[in-house]
Every structure is written in structure tokens, then in C-alpha cells.
Amino acid sequence: MSTNLTILNTHHTTTEIKNSTFIAYLKYVESEQEAKYFIEKIKQQHPDANHNCSAYIIGQHQTIQKANDDGEPSGTAGVPMLEVLKKQNLHNICVVVTRYFGGIKLGGGGLIRAYSKSTSEVINDSTIVAMKPSKHVQLTLNYDQTQKFEHAIKDTDYLLQDTTYTENVTYDLAILEADYDNFLEWLNQMTQSNHDLIEKETTLKGFPV
């Protein structure tokens, strides 16, 4: 599994260009079906918009790439949006740009610039993450160990995903596969080897870049 770039959360931005409003939506998707569902959802949110143009890239090797102008002149919206996604080397990503026409025609070149700009702005305003192989673990500690552990983990790159409080405290963690041996050494020093650790699956997980 190789490192791919994508975004952490669904995000949107609004851009005004010569009285037209461009609303760009960006979302992480894992399949073409999920991308199509997202595009349809945005269309339903803006039934009165003039256009809901879209582009998406799916797959670890960007094998699925689609673009749609949704009524704009051919090649002036979807493809420029797709090119921005490719230039940013994003994977498993879908962008929809909704346009409310403001009465001033932009021309072919103007449309290309407008849709490219809207896509670039929503990417720049999003949190980019690197999808890296990570090992998921469950760590169980006694209550008297938690304060030290929770303070120390803030200074690491280990991702604390969930905490469960019962008779002990169980932490769900994601650790970069490449850092796993270092994590074990750090944990043993932190707890003096007094802990319970369950190793789970290895998956791709988003880490901030």
C-alpha cells in the first residue's frame, strides 16, 4: 500500500466571479458509486442552480477519472476541475462546483479559469492528509496511568481515535506501520511494560501532511 493524498473532511467554499456564484464542494470517496451519490446529493441541495459540474478520481493508482460539464460549454468546467485534482495528486476525491449565473457571460477561457479557481480554493481550504499504512491497536491501562499517557501522546504522531472507560481505560490507536516498533518501545518505557495491547488490522489511515 502506497501513500496517497486526499482530504480529511467534506469541505466547501464560495467564490464570486463577475456576479456569478460558484460553490465548490470537496469530499473523500472510496468508490465511483459513492462519488455519483455525492454529486446527486449536491444537485438536490441546489435544484435552482444553473449548473452542478463535477469531477472525481478513484483508486490507489487514480484508475477512474471522470468529469462532467453539466450544461456548460464542452471542456470548460469538468475537465479543468479534474486537471486541478490531478495536479494536486489527490486520490479518492470528488469535487462538485455549483454555479448560479449572475448575468455576465464569462466566455470559454473565463469559465475554465473560474471552475479551476473554485476547485483550487476548496482544496487549499481543506485539510490534506496522506493515506498511509497504519496498524490499529487497543491499549488498556489502569486509571493511575492515564494522565501520564494522555499527556505524553500529545507530543507524538500516534493517532488517538477513541477512549472507553470501564474498570480500566481502553484507547483505540492508529500507528504508522513504519513507526510501530518505535511505538512499542515508547509504550514499554511509558508504562514500564504494565499494559494490555491487542493488535488489530492494518489499513490506510489519513495522517496530516
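## A first look at helix H5

Which residues of H5 are buried? They are Tyr180, Phe183, Trp186, Leu187, Met190 and Thr191. They cover an arc of only 115° around the axis, which puts them on the same side of H5; the arc is that of the directions from the helix axis to the C-beta atoms. Here, buried means under 20% relative accessible area, exposed means over 50%, and partly exposed lies in between (1.4 Å probe, protein chains only). On the other side of H5, Asp181 and Gln189 are exposed.

H5 covers residues 180-191, which makes 12 residues, and its first and last C-alpha atoms are 16 Å apart, close to the 16 Å expected at 1.5 Å a residue. That expected span is 1.5 Å times one less than the number of residues. The buried residues of H5 pack against strand E7 (128-141), helix H4 (143-153), strand E9 (169-176) and strand E10 (196-208). Contact means heavy atoms within 4.5 Å. Just after H5, Gln192 has a positive phi of about 55°.

## How to read this model

This is a predicted model, in which local features need pLDDT of at least 70 and side-chain atom pairs count only at pLDDT 80 or more, while totals for chains, interfaces and linings use all residues. Residues are numbered from 1 along each chain as its sequence is written, and side-chain values use heavy atoms, leaving out hydrogens and water. The pLDDT is the predictor's confidence in each residue, from 0 to 100.

The chain has a mean pLDDT of 93, with 99% of its residues at 70 or more. Helices (H or I, at least four residues) and strands (E, at least two) are DSSP runs, numbered from the N terminus.

## An open sheet with helices on it

Now for the strands. An open sheet is formed by 5 strands in the order E2-E3-E6-E4-E5, with antiparallel pairing. Its edge strands, E2 (11-17) and E5 (64-68), each pair on one side only. From one strand to the next, the twist averages 15°. Two strands pair if DSSP finds at least two bridges between them; E4 (residues 51-58) and E5 are joined by 5 bridges, and Ser54 has Asn68 in E5 as its bridge partner.

Helix H2 (residues 78-87) packs on the sheet, where it touches E3 (20-28), E4, E5 and E6, and its direction makes about 35° with that of E4. Helix H3 (residues 107-124) lies across E2, E3, E4 and E6, running at about 145° to E2. Axes are lines fitted to C-alpha atoms, for helices over the stretch in contact, and angles run from 0 to 180 degrees between N-to-C directions.

## Strand E7 and its partners

E7 is mostly covered, with 10 of its 14 residues buried. E7 pairs in the antiparallel sense with E10 over 11 bridges, and with E9 over 8 bridges. Lys132 stands opposite Lys205 in E10, while Val137 has Leu173 in E9 as its bridge partner. Strand E1 (residues 4-7) is joined to E7 by 4 bridges, also running antiparallel, and Leu5 stands opposite Ala130 in E7.

## A closer look at Ile39

Ile39 sits in helix H1 (residues 32-45). Why is Ile39 called buried? Its relative accessible area is 10%. Leaving aside neighbours within four places in sequence, Ile39 is in contact with Ser54, Tyr56, Cys94 and Val96.
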